[in-house]
Amino acid sequence: MAKVTREMVEKAGLNVDEIIELLVKNAGAELTTYYYYTILRANLIGLQGEGIKEIAETARIEDRNHFEAIVPRIYELGGKLPEDMKDFHDVSACPPAALPEDPTDVMAILKVLVEAERCAVRGYTHLCNITAGKDHRTYDLALSILNEEIEHESWFSEFLGEGPSGHFLRRGETSPFVSKFLK
Amino acid sequence: MEELTKEELQKYDGKEGRKAYVACNGNIYDVTDSFLWKNGKHQVIHHAGEDLTGELREAPHDIDFLKKFPVMGRLKK
Ligand SMILES: [Fe+2]
Ligand SMILES: [Fe+2]
């Protein structure tokens with residue numbers, strides 16, 4: 001634990017254990033999403049699915065990056081990951097992004113993807129709202145992830161015909177906002 | 001439809017296998033089966049057994065989310 005780091009957050013009036021719990025839940029959501037997206041991506045095939053595979057893959061890799069970026073903050077603040085991975089899955093901040101009943105239904109897969117991203121956008125907005133002006137490092141982390149989740153949402157929402165999002169798929173490196181936490 | 005007081009609502013806190021009810025705008029919703037309300041807690045800081053009308057105004061989603069759950073009763077004024 002980074003003692004003074006924790007003390008600063010406490011002094012700002014935040015309940016550090018609640019922040020840790022939120023970070024654990026979001027780390028759980030990222031790792032489980034990475035897992036479930038692996039299955040979704042494998043099923044994005046055929047004329048319709050193939051066009052979505054690339055952004056699903058980018059979103060999947062970036063969610064794994066988000067997991068990696070969150071974990072150090074948990075330990076800095078004096079928290080830890082659950083020892084049992086089953087518990088970790090069950091405390092996830094978002095429901096499982098499970099493969100739809102009909103795995104050939106690309107629109108149904110897209111809906112699962114967009115709902116997962118929307119859950120993430122809400123979750124990191126919540127974390128930003130709580131930490132703004134108080135826990136600067138968690139805020140910076142949550143905001144960096146939020147920037148990427150918003151792009152994930154917009155990619156999938158365009159394919160669902162919800163109108164233009166103003167975004168283009170990633171060119172070059174993944175995680176342009178979160179990479180500073182991965183170095 | 002059942003009417004519960006604020007005190008009666010508190011019993012439905014979702015802990016130790018109890019049902020998880022939350023109130024909003026006078027309606028009481030049953031969120032027991034929601035993945036996002038496990039153990040009567042939502043996003044760590046929101047608790048079942050309470051009137052969340054005020055908290056929902058600040059939430060990063062609108063009240064339609066709650067409207068997906070069955071209404072179990074009304075909150076007594
Ligand atoms: Fe993510
Ligand atoms: Fe995402």
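The four donor atoms around the iron ion (ligand 2) subtend angles of 88 to 161 degrees, which makes the arrangement irregular, since four donors count as tetrahedral if all angles lie between 85 and 135 degrees, four count as square planar and six as octahedral if opposite donors are over 155 degrees apart and all others between 65 and 115, and anything else is irregular. This is a predicted model, in which local features need pLDDT of at least 70 and side-chain atom pairs count only at pLDDT 80 or more, while totals for chains, interfaces and linings use all residues. Residues are numbered from 1 along each chain as its sequence is written, chains are lettered from A and ligands numbered from 1 in the order in which they are written, and side-chain values use heavy atoms, with hydrogens and water left out.

The protein donors of the iron ion (ligand 2) are Asp63(A), Glu117(A), Glu149(A) and His152(A), at 2.0 to 2.8 Å from it; donors are N, O and S atoms within 2.8 Å of the metal (3.2 Å for Na, K and Ca), and sites may look incomplete, as water is not among the atoms. Asp63(A) also coordinates the iron ion (ligand 1), which is 3.5 Å from the iron ion (ligand 2).

Glu149(A) and His152(A) lie three residues apart, about one turn, in helix H6 (residues 136–159) of chain A, where helices (H or I, at least four residues) and strands (E, at least two) are DSSP runs, numbered from the N terminus. Buried means under 20% relative accessible area, exposed over 50%, partly exposed in between (1.4 Å probe, protein chains only).

| Residue | Relative accessibility | Class |
|---|---|---|
| Glu149(A) | 0% | buried |
| His152(A) | 0% | buried |
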